Amino acid sequence: MYIGLGIVLLVLGLILALDVITVDLQFVDDGALGTILIVAGVLAIVLSLFMAPRWRRDRVVHEYDDRPLR
């Protein structure tokens with residue numbers, strides 16, 4: 001879930017930092033807000049990868065014996 005949030009924050013930050021869309025607010029700098037959103041997005045992605053449950057990170061393949069029981 002947090003990976004999606006991180007991607008959204010990262011995209012919004014890149015849009016603001018690269019001046020694709022300019023927001024005309026007197027008290028907010030577009031570049032600074034974009035940089036903050038980029039850092040927050042990367043942090044959300046990295047933390048979500050480290051905090052992922054163990055069952056999502058480890059893939060265990062079980063091998064079953066098909067021999068009939070005696």
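This briefing describes the fold, the surface and two residues of one protein. The model is predicted. The protein has 70 residues, and 16% of them count as buried. Its secondary structure consists of three helices and zero strands.

**Fold**
- Read from the N terminus, the order of elements is α-α-α.
- Helix H1 covers 2-17 and helix H2 covers 30-50, with a loop between them.
- Of the contacts between residues at least 6 apart in sequence, 61% join residues at least 24 apart.

**Surface**

**Phenylalanine 27**
- Phenylalanine 27 sits in the loop that lies between helix H1 and helix H2.
- Its relative accessible area is 72%, so phenylalanine 27 counts as exposed, the cut-off being over 50%.

**Serine 48**
- Serine 48 belongs to helix H2.
- Serine 48 counts as buried because its relative accessibility is 11%, and buried means under 20%.
- When neighbours within four places in sequence are left aside, serine 48 is in contact with Tyr2 and Ile3.

Terms used:
Residues are numbered from 1 along each chain as its sequence is written. This is a predicted model: local features need pLDDT of at least 70, side-chain atom pairs count only at pLDDT 80 or more; totals for chains, interfaces and linings use all residues. Side-chain values use heavy atoms; hydrogens and water are left out. Helices (H or I, at least four residues) and strands (E, at least two) are DSSP runs, numbered from the N terminus. Buried means under 20% relative accessible area, exposed over 50%, partly exposed in between (1.4 Å probe, protein chains only). Contact means heavy atoms within 4.5 Å.
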